[in-house]
Amino acid sequence: MLIKYIYLNCRFSRLTEPTPLRCYVNGSFYSFLRSTFLGFGFPDLSMLFTLMPDTRQPELLNSITSSELSQFLSQPDVVGNGSNVCAVFNNYAKTPVFLETEDVPEAVKQLTLPCVWSLALNSGNRSEVNAWFDLRLKNYLRFLTRSLVSSSKVQNASCLAFQKLVSVLGSDFSYNSSDFAQSDVYITIKSYLGTGGPRCYSANDPELNSTAWFVNYIGVFVTYLSLEDLNTFVTASQINVFLENQANIKLFNNTAIPANVTSYYITQLYTLNPTFNPLQLPGFFLCEVPSTAYNSLGQTASMEILDRLQLFCNGTKDPQVSAALVANFHTITESTLAAIGNSSSGLTTTQISSISSSALVSSLATLGSVTGWNLGQASAVIQSIITGGFPIDTASSLMSLGTLVAGVPSAAIASIPTTELLTASQSSVFITNMLAAPQIVQETYVNKIITINQSPNALVVNVPDAMATLIPRALLTFSQEPVDVQAINRKTWKQEQAVIFFGDVASNASIDSEELSPSVLQGFTCTSAQSMTIKTVHRLVHACRPRILREKVALKETQLTCMYNLLKDNLDQSFTDYPSDMLLYYNYAKVEKSNCRSYFNAAGSADFSVLSSVLNKEEMLLDNAKSCLGISEVSLSKNHVEVLGNMVCTVNGSYILNSDPFILEKLKNCKDFTEAQVAAMETLLISGTTQYGKTTTWNQQTLEDLETLPLYLTQNFWSLFTTEVKGKFLKSFMPQLRKQETVKRKLKTLFKQINSHSRSKRGAGCITGNITQSVIADTSFPFGYDMTQFDLCLDISVLKDNLAAFTKQVDDNNFQKIILVKLNQAYPSGIVDEQLKVLGSVSRVATLDDITKWSITKIDTLSALMAFGDGPWETEKSKAIITTYLNTSGNSLGSSELNAVGANLCSLDVSVLKTITSSSLKNANSLDVTSCSTEQKRAVYDISKSSFSSQRISNPTYYQLISPYLGGAPIEDIRSLAAQNVNMDITTFKGLESTVIPSLTVSEVKGLLGANVDDLKTFENDAVVHAWLIAQPQSDLDLLRLGLTGGKETSTAVVPTAVVPLNNTNTTLAHNAVTAKPLPITTTQNGVGNGGAHPEKDLGALSLCLALVTVILQMM
């Protein structure tokens, strides 16, 4: 070794000194070195470069053949730390040949790749690119690193080289042994393509005109593609040229791709080419294909699509797609129905009528499991099978109808034996389906079950829990039998029912009030509480507090004031222990300063809409809250908003504009807004200072994040969104609003604001698009149509075939008038029952002349037309409808009719009202007669007295049953109630006949109101209460000790007497001792006192009697 070392150093010195390479002439420099060093080894790479003068390095390196270079680099330890490897290939002209033909150790390849990587990326023609990646670097690419594939290295690569890189890294490349992942590659792709698009596409360049752009430049890394990235790479207009390419379509057929990306691609595809054949799409794509793509398919192709939808998409949940596909079926058999499955909900009534009844009966198992039937469709199926001879007379036949039970007429239900109906009620599936049926059908079903046994406890057992709301309230009096509290607690009740039995349930010693359901607790009244101890009342009120994962107890204002009046002297400062709504009536003067924040925090969960406007409570509460929280201006911090909670629903627009934007989140809980509040919300949103960002960034997600607020916003807000975004949003928003039973008034306003645009000219014809069954199935319909286009694009035959769908979707008055005009054209002799019962809110725009032509013969039709949710009726119109029904032989105002007409009862003449039987009124719901005339109220009251006469034995029950009709009661009946401790609520008191109230004395009103007497002070500014107050002697009002003022001045004569303190409500809630006190005897200027008595004449006798009572009491 020593000799070798000495020799190498000697040869090195001779090669470099004094004249470098003086012995080298030409030829292979590698051969020259080998001959020079003989068998004593060879210099390493570092020494090699030392031997070569800088100016001759390219010459000398290129004299070496590729095989010689391979031999040299393959020698052990020759490359050293690799610092000179790149210098070799930077000067070596035969690098491509070397890489193609020679093999070197793995370590050398790893060092070589970074040196030649730029050569590969900069190659400009396809053959060169292929040579680099397929030949030269084939065995080198596995040494790629995160640095080499980073955007800094790849950003300037040629289009063809980049395309090849994407292909290589997306196919057989192994990431297990590399220091980067596919996500890193996508980052580079994103950077490369995000410079303005579409990069690397040129229609005029044969090398770059491929429309398989997504495959070429994104490839398998498409799973990392976001919609934002896609829109950065290519705009909506630029993407069109790539959409129909089959390779691109195949690439996007990947469930790992974000759903919004795939949806966008498909949407753009069909925007570009609405007639693109969906059969050319991969199965997964069909889940997103718009319904319009199926309009031109034949029956066979439609069947194939349905099969593929079932395979790849688990069927279709889109009613538009179902409607579009089944519209292509012209011959429908039993096998067809089996294949169509749930898409049968897209059939029109004409299609259903064309199917043989035998095919329908044979397909009941399929049809009965379909969801989404509307009433028109279900009725058409049921009518067909009944006409075909299918009997609906047993539990099994009824249950076999499944979801179609909604189409069974009430008369058919009434004809089924009660025992069969009771058997059917054991099926939870049947009950679920029945709950989707019209109200009259449900009511008829329950009324039949009731006939089995009208004992209250039997009713609680026999009637399904979810249908208990349909039990007549008069049948829920348990005075003669024990109460099955557990059974009652499981059921769903209406408030008018719960108030009847609440006293019996709540007074049961075995029941834990904490376990009572909100449905039962909503029955709390002062009438039912009269026999309870303060402790019991406290427990019940505590049970009504807000609780997590538990429905709120819905209580009316009079119930809330009753609770407070009963407990006002027994309340502590643990405000969360009480119903939040009750806190709105809490005497704020009693709230300790240190607890005021806790008070408003608890009250912030309340529903402020329960407050009567006459109380002016909102303003007082806000003033107190500002004082408590130290708020001096109209600006609320986020912390303030958090504490105030729902109180922000009451603030004016100035607060909304000047408060922390977080106020929008609390406003989402409000039930309605003033115009000023809406304007302020819009201004705040448009300012761009809220969490929803600047208007330029708004999209569908923005609308969804706003939750219910879009329902109230105006055109100023909606104009900032594209028609496409608004349409997509409405597809989910409208079903949500309808499920929540949003009032029609709000739906009409929403449509007017969101659909506001210039009206098209009739001469242009239908340009928005013909309205088909598929278009109607769009839950955003008729958004996008103006009134003219709606008229021009709607064919009468389509309207007739899809009437129920139309009336469900269309809320705008002008559009509804168009529907009615076309219906009148379709049925010139008048519209009949089958159409009328699905007319919905469209009926409200009918004229009296229209209504006179209607054929209203069935209770189902009357019930449908009178549906409260479809909006109020004008008096004359409702009278015409009800009268038309009653003019049919056999029809009368029975309990079902009374339930159907509801408050519209007041549109009828007194002579008609007097035909109501006591039995019918007894078995009807509590009727709202507040809008009736005095004569009408008297007529109904007279009947109600007879209806509930059997309950007179129980004063509280009798009062609860008859109280809705007391507006027609004469003075003597009201005075009788005053002596019975009924604890009348203030609303009922204000509703008494206008001639009765002035005739009531202070003591009589106190007897009537009982525990509710404090509400005279609460409502002293109400017109009715105020009128009564100023008519009373002030001295009598003073005896109530409520601070009431405004009464008449009186003179008094005082005699000794024993009286019960006048703040005693004469119930077990009070424990005040009886004391002897003087009784002021009031006289008016004309000498007549309360009730028409003459104290001047009777004073001696009265004084003697009262003195005697005083003596007796003192002896006790």
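Q: Which helix gives the largest share of the lining of the largest cavity?
A: In this predicted model, local features need pLDDT of at least 70 and side-chain atom pairs pLDDT 80 or more, while totals for chains, interfaces and linings use all residues. Residues are numbered from 1 along each chain, and side-chain values use heavy atoms, without hydrogens or water. Two helices (DSSP runs of H or I, at least four residues), H45 (723–739) and H46 (744–754), each give two or more residues to the lining of the largest cavity. The largest share, 4 residues, comes from H46.

Q: How many charged residues line the largest cavity?
A: This cavity (1 Å grid points where a 1.4 Å probe fits but cannot get out, lined by residues with an atom within 4 Å) holds about 90 Å³ of space. Among its 15 lining residues, Met734, Phe751, Ser780, Phe781 and Asp811 lie nearest the centre. The lining divides into 10 nonpolar residues, 2 polar ones and, as charged residues (Asp, Glu, Lys and Arg), 3.

Q: How much space lies in the second largest cavity?
A: The lining of the second largest cavity includes Cys544, Arg545, Lys552 and Asp581, and it divides into 6 nonpolar, 1 polar and 3 charged residues. The space in this second largest cavity is about 60 Å³.

Q: How is H11 oriented relative to H12?
A: Helix H11 (residues 159–170) and helix H12 (residues 182–193) pack with their axes 12 Å apart and at an angle of about 155°. That angle makes H11, relative to H12 (with over 145 degrees as the cut-off), roughly antiparallel.

Key: Axes fitted to C-alpha atoms, helices over the stretch in contact; angles between N-to-C directions. Parallel < 35°, antiparallel > 145°, perpendicular 65-115°, else oblique. 1 Å grid on protein atoms, 1.4 Å probe; cavity = no way out; pocket = protein on both sides within 12 Å on 5 of 7 lines; lining within 4 Å. Points joined across faces, edges and corners; volume = space filled by probe spheres on them.
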